[in-house]
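Please view the sequence and the structure together before reading on.

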Amino acid sequence: GPYCAVKAGLDNLARAQALEEALQTNGNGAKVCSLAPGIIDTDMQVQLRGADAKAFPDREAFVQMKSGGKLDSPASAAAKVIAYLHRADFGANPVGDVRDA
């Protein structure tokens, strides 16, 4: 729950900040984007896949992501984030996802 709440909060903070930056009359407003890096094979993923299925009913979905090759390595995810930052339209949308590129 807290993890999802923080993610939603960051998205809404980015939306609000982008509106404020757009009001900068000197043309120096920052480009703002809460960017989702995709699903990364991290220690958190290992913990989720190893959880007790009774305590964590979504466990199997995380097992399937791993076995289906749907997890990015940290290096691959970082490369996608860097590529997204260099897009000509970066900042046009205050909430983005590297998987939509």
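**Overall form**

The model is predicted. Its secondary structure amounts to four helices and two strands, and the order of these elements from the N terminus is α-β-α-α-α-β. The radius of gyration is 17 Å, whereas the globule rule gives 13 Å for 101 residues; the protein is therefore more spread out than a compact globule. The C-alpha trace spans about 55 × 25 × 20 Å along its principal axes.

Of the 101 residues, 21% are buried. The protein exposes about 7,000 Å², and carbon and sulfur atoms supply 58% of that area. Among contacts with a separation of 6 or more, 58% are made by residues 24 or more positions apart.

**Aromatic residues**

A pair of aromatic rings is described by the distance of the centres and the angle of the planes. How many aromatic pairs does a search of the whole structure find? The search finds two.

The rings of F56 and F62 have centres 5.7 Å apart and planes at 35°, so this pair is tilted. The rings of Y84 and F90 have centres 6.2 Å apart and planes at 85°, so this pair is edge-to-face.

The table gives the accessibility of the residues concerned.

| Residue | Relative accessibility | Class |
|---|---|---|
| F56 | 22% | partly exposed |
| F62 | 18% | buried |
| Y84 | 9% | buried |
| F90 | 16% | buried |

The cut-off for burial is 20% relative accessible area. F62 counts as buried because its value is 18%, while F56, at 22%, counts as partly exposed.

The charged end of R87 sits over the ring of Y84, at 4.3 Å from the ring centre.

**G96 in strand β2**

G96 belongs to strand β2, which covers residues 95-97. Its relative accessible area is 10%, so G96 is buried. Leaving aside residues up to four places away in sequence, G96 touches C33, S34, L35, A36 and Y84. The list thus includes Y84, the residue whose ring is paired with that of F90. For S34, the C-alpha atom is 6.2 Å from that of G96, although 62 residues separate the two along the chain.

D72 is located in the loop between α3 (59-67) and α4 (74-85). Beyond residues up to four places away in sequence, D72 touches I39, I40, D41, A77 and K80.

One of these neighbours, A77, lies in helix α4. A77 counts as buried, because its relative accessibility is 3%. With residues up to four places away in sequence again left out, A77 touches P37, I40 and D72.

Key: Residues are numbered from 1 along each chain as its sequence is written. This is a predicted model: local features need pLDDT of at least 70, side-chain atom pairs count only at pLDDT 80 or more; totals for chains, interfaces and linings use all residues. Side-chain values use heavy atoms; hydrogens and water are left out. Contact means heavy atoms within 4.5 Å. Rings of Phe, Tyr and Trp (its six-membered ring) pair if their centres lie within 6.5 Å; planes under 30 degrees apart count as stacked, over 60 as edge-to-face and the rest as tilted. Buried means under 20% relative accessible area, exposed over 50%, partly exposed in between (1.4 Å probe, protein chains only). A charge sits over a ring if NZ of Lys or CZ of Arg is within 6 Å of the ring centre and within 35 degrees of the ring normal. The radius of gyration is taken over C-alpha atoms; the globule rule is 2.2 Å times the number of residues to the power 0.38. Accessible areas come from the Shrake-Rupley method with a 1.4 Å probe; for residues, only the protein chains shown count as cover.
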